[in-house]
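Here is a short tour for a first look. Keep the sequence and the 3D view side by side while you read.

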Amino acid sequence: MPAIVIVGAQWGDEGKGKATDHLGSRVDYVVKFNGGNNAGHTVVIRQEDGTLEKYALHLLPSGILTPGCTPVIGNGVVVDLDVLFKEIDGLEARGTDTSSLKVSSNAHVIADYNRTLDKVAERFLGSRKIGTTGRGIGPTYADKMNRIGIRIQDLFDEKILTQKVEGALELKSQVLAKVYNRRAPSVDQTVEELLAHADRLAPYVCDTTLLLGQALDRGETVLLEAGQATLLDVDHGTYPFVTSSSATAGGACTGSGIPPTRIDQVIAIVKAYTTRVGEGPFPTELHDANGDFLRNTGFEFGTTTGRPRRCGWYDAVIARYAARINGVTDFVLTKLDVLTGLEEIPVCVAYDVDGQRYDEMPANQTDFHHAVPIYEYFPGWTEDISGARTLDDLPANAQAYVKALEGMSGARMSVVGVGPEREQAVVLHPLR
């Protein structure tokens with residue numbers, strides 16, 4: 001059975017967790033293939049007694065909540081072991097079995113000095129800051145590319161681990177002391193902190209590329225779940241205001257070890273409006289009552305950081321770009337219900353840059369910084385749509401809005417989210 005990729009089509013926080021959870025009962029493996037604990041997925045599940053349970057996942061794949069589904073942390077992820085076990089303990093305390101989790105032996109580990117470097121470097125940048133979460137993600141990926149990183153497998157050989165930490169700290173201690181006036185942790189301190197997790201970690205660790213390849217050979221379904229989103233991708237995003245990993249469908253291959261020939265469906269999650277966290281350009285951003293309405297009605301505050309998200313109208317230019325970069329076969333449109341009550345809903349269909357119209361993403365980042373949205377306007381609706389399950393259940397204006405977005409976004413809209421729960425979705429085309 002081929003693999004499925006789920007990516008974000010905007011700047012993250014589109015609702016990938018809900019979409020992954022929606023598919024979870026129909027897949028055998030869910031793989032997180034990039035990023036670390038710098039992003040979060042929120043999943044809301046209705047229990048047998050009718051109560052709603054909200055789960056905020058940061059490092060663990062969303063499939064951890066689905067019985068019978070094997071969750072996998074792939075080789076493309078950077079792992080903060082303190083966060084990993086804190087998250088596992090939190091789920092176990094709520095009755096979730098996490099024993100099926102698998103962790104790639106090739107995934108990289110976030111060390112204490114990487115967290116320190118991330119925080120002091122961001123403060124040092126001042127007005128030029130990127131807007132990182134300060135969790136050591138970027139410095140850990142930099143170590144990976146500089147070939148001085150620490151991998152999960154290194155925790156099981158103390159001699160190798162010590163040598164690698166010594167090599168990394170030889171430079172970093174100088175940078176911390178002479179550039180940032182900070183004292184670096186000692187080699188012994190770092191090694192001791194990492195080794196403290198080794199025994200507990202060992203049962204989870206395996207060759208996940210072999211595990212997933214064999215699963216596909218058996219005809220099982222593997223779902224590859226991106227952290228962050230297309231416009232935060234280190235190659236294809238709004239650089240330098242991006243994350244440090246590959247958050248596109250291409251990154252799913254390198255971050256999991258599954259070749260592109262095994263993938264036959266790419267599902268992109270796109271919100272019915274647009275949000276962004278951190279610094280960087282955002283053409284449709286709102287600084288008025290409409291922005292406040294979207295933020296408060298949509299509960300647009302970061303799952304990991306709690307930061308208020310910047311909010312704006314739907315941007316079809318970005319959606320088309322995501323469709324092209326990822327080879328999107330299906331869009332999942334989330335949070336349509338948040339727009340209920342608006343008299344009129346603008347949609348960005350193109351940009352104006354110094355008098356020139358751009359229907360596609362400008363190739364020059366300077367042009368994107370200066371892009372002014374060109375809007376088309378759609379009538380809103382006031383009816384409660386949270387109970388809609390088919391397109392005909394939606395008010396006429398909501399149907400027209402969905403169809404218009406589909407026509408201008410580059411791929412079909414297969415599922416429309418109308419509420420936070422797993423079941424609150426209008427299915428236009430089955431995803432599998």
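Start with P240, which sits in the loop between β10 (222–225) and α9 (249–254). The peptide bond leading from Y239 to P240 is cis. Its omega is near 5°. Bear in mind that this is a predicted model.

**Two loop residues with positive phi**

N181 and K335 both deserve a look. N181 is found in the loop between α5 and α6. K335 lies in the loop between β15 and β16 (344–353). N181 is not a glycine, yet its phi is positive. K335 is not a glycine either, and its phi is positive too.

| Residue | Phi | Relative accessible area |
|---|---|---|
| N181 | about 55° | 70% |
| K335 | about 60° | 23% |

N181 counts as exposed because its 70% relative accessible area is over the 50% cut-off. K335, at 23%, is partly exposed.

**Helices α5 and α6**

Two packed helices are described by the angle between their axes and the distance between the axes. Helix α5 spans residues 158–178, and helix α6 spans residues 187–195. Their axes come within 9 Å and cross at roughly 135°. The two helices are therefore oblique to each other. The crossing of α5 and α6 is right-handed.

Which residues of α5 meet α6? They are E158, L161, T162, V165, E166 and L169. On the α6 side, the partners are V187, T190, V191, L194 and L195. The residues of this contact divide into seven nonpolar, two polar and two charged.

**Helix α10**

Helix α10 covers residues 289–297. G291, L294 and R295 are buried there. These three lie on the same side of α10, because they cover an arc of only 95° around the axis. The buried residues of α10 pack against β13 (310–312).

**F331 in strand β15**

Now find F331 in strand β15 (residues 330–334). Is F331 buried or exposed? Its relative accessibility is 0%, so F331 counts as buried. Leaving out residues up to four places away in sequence, F331 touches A9, A268, V270, A319 and A323, among others. Its contacts also include S409, G410, A411, R412, M413, S414 and V415.

For a sense of scale, compare F331 with R200. They are 131 residues apart along the chain. Their C-alpha atoms are separated by 39 Å.

Conventions. Residues are numbered from 1 along each chain as its sequence is written. This is a predicted model: local features need pLDDT of at least 70, side-chain atom pairs count only at pLDDT 80 or more; totals for chains, interfaces and linings use all residues. Side-chain values use heavy atoms; hydrogens and water are left out. Helices (H or I, at least four residues) and strands (E, at least two) are DSSP runs, numbered from the N terminus. Buried means under 20% relative accessible area, exposed over 50%, partly exposed in between (1.4 Å probe, protein chains only). Contact means heavy atoms within 4.5 Å. Axes are lines fitted to C-alpha atoms, for helices over the stretch in contact, and angles run from 0 to 180 degrees between N-to-C directions. Angles under 35 degrees count as roughly parallel, over 145 as roughly antiparallel, 65 to 115 as roughly perpendicular and the rest as oblique. A crossing is left-handed if the near helix is turned anticlockwise from the far one by less than a right angle, and right-handed if clockwise. Ala, Val, Leu, Ile, Met, Phe, Trp, Tyr, Cys and Pro count as nonpolar, Asp, Glu, Lys and Arg as charged, and the others, Gly among them, as polar. The arc is that of the directions from the helix axis to the C-beta atoms.
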